[in-house]
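This briefing walks through selected features of a structure. Look over the sequence and the model first, then read the points below.

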Amino acid sequence: MTDTSTTSPLPLSLHQRSEAEIAARVKAIESIMIEKGIMTTEAIDRLAEIYETEVGPQLGAKVVAKAWSDPEFKARLVANATDACAELGIGGLQGEDMVVVEDTDTVHNVIVCTLCSCYPWPVLGLPPNWYKYPAYRSSIVRAPRRVLREDFGYDVPDTVEIRVWDSSSEMRYWVLPLRPAGTEGMDEEALAALVTRDSMIGTGPPASP
Amino acid sequence: MTEVGDARRRVEALLTELPTEGGDLAFEQPWELRAFALAVAAYHAGQYDWSEFQLALIGSIRRWEEEGAPEEDAPWRYYDHWLAALETTLAGAGALAGGELDERTATVLANPPHRGHVARTEPVAVDPAVSPA
């Protein structure tokens, strides 16, 4: 057993790194561990999954609830999501260029990253595994209505157009879902509890009150 | 009792032995969650005793305090120390060689995962509405 109390890197050197460098360092550790067969991606994913609710998407839910309650905020959010989120102190890496697409009675929006897994994590947390799978990335573009119905059990009425938006590193889309019926008079906190992660990806509705 | 609930309780049993600031382990950045999961996964893989990780974490926090808790240069961030402890214990276990991590980090930084994904301002697919008959 080594004496770990004296061999740690100096905390100061750690703090001088940028957020992107630190994130890359963690990724590098992960890739080395996997390469050496010490652990598997599945094992790490599994552990992360248990705790991932703590990194979001409750922040996104807060933004949506505010937009449902405050028309002026909603206008600012749709005009410039990054700035509107910054008003609430929400932002960071991979959230620099967020674009909110608003659901209406006649249009429903869904997001995907057709190439990799671009995702607005400051508001939605980490992407679910299926979001990263090739199956979702290709099928949602080919047959959005069918995929929503068959894979997500989400029946979008035929009278509603479905638009699929490709999130990239420069353009990170996410969905402002329709406020559910029967929520008149609810405050922002109660509304936020109805906003699901999938409703902000567009693969599910918000919960009913 | 759900499977996830059981797994969570097992991990939490480990966490109770760790120093925390106000008992708060919540994550602010995705890398923090990933570093968290890596440390537990490495322990499950038998790379070190949990007490070694614990000592390394305490050591990193102590050094920060000995430097006078330099809030300006190095504001308090729990997961900075977590990452330092992870690096230390993995190196101690022989799982990380000197220089290996710096090299790989440089490679990761040089190869951003989203390179080549052009921004598109129109939907990539539209499933049109059908007028009711």
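**Briefing on the predicted model**

Chain B contains five helices and one strand. The model is predicted, and every value below is computed from that model. The points cover chain B, the strands of chain A, a strand pairing that joins the two chains, one buried serine and a pocket.

**Chain B**
- Along the sequence of chain B, the elements come in the order α-α-α-α-α-β.
- Chain B has 133 residues, and 44% of them count as buried.
- Among contacts in chain B with a separation of 6 or more, 67% are between residues 24 or more positions apart.

**Strand pairing within chain A**
- In chain A, strand β1 (residues 98–102) pairs with β4 in the parallel sense, over five bridges.
- Within this pairing, A:Met98 stands opposite A:Arg172 of β4(A).
- Strand β4 of chain A spans residues 172–176 and is mostly covered, with five of its five residues buried.
- Strand β2 of chain A (residues 107–112) runs parallel to β3(A), and six bridges join the two.
- In that pairing, A:Ile111 has A:Trp165 of β3(A) opposite to it.
- In a regular strand, side chains alternate between the two faces of the sheet.

**Strand pairing between the chains**
- β3(A) also pairs with strand β1 of chain B (residues 125–127), in the antiparallel sense and over three bridges.
- One of the residues involved is A:Arg163, whose bridge partner in β1(B) is B:Val126.

**A serine in a loop**
- A:Ser168 lies in the loop of chain A between β3 (161–166) and β4.
- Is A:Ser168 buried or exposed? A:Ser168 counts as buried because its relative accessible area is 0%, and buried means under 20%.

- The lining of the second largest pocket consists of 17 residues. A:Asp103, A:Thr104, A:His108, A:Tyr154 and A:Leu178 lie nearest its centre.
- Sorted by class, the lining of this pocket has 10 nonpolar, four polar and three charged residues.

Notes:
Residues numbered from 1 in each chain as written. Chains lettered and ligands numbered in written order. Predicted model: local features only at pLDDT ≥ 70, side-chain atom pairs only at ≥ 80, totals over all residues. Heavy atoms only, no water. 1 Å grid on protein atoms, 1.4 Å probe; cavity = no way out; pocket = protein on both sides within 12 Å on 5 of 7 lines; lining within 4 Å. Points joined across faces, edges and corners; volume = space filled by probe spheres on them. Nonpolar A, V, L, I, M, F, W, Y, C, P; charged D, E, K, R; others polar. Buried < 20%, exposed > 50% of the residue type's maximum accessible area, 1.4 Å probe, protein only. Helix = DSSP H or I, 4+ residues; strand = E, 2+ residues; numbered from the N terminus. Pairing = 2+ DSSP bridges. Contact = heavy atoms within 4.5 Å.
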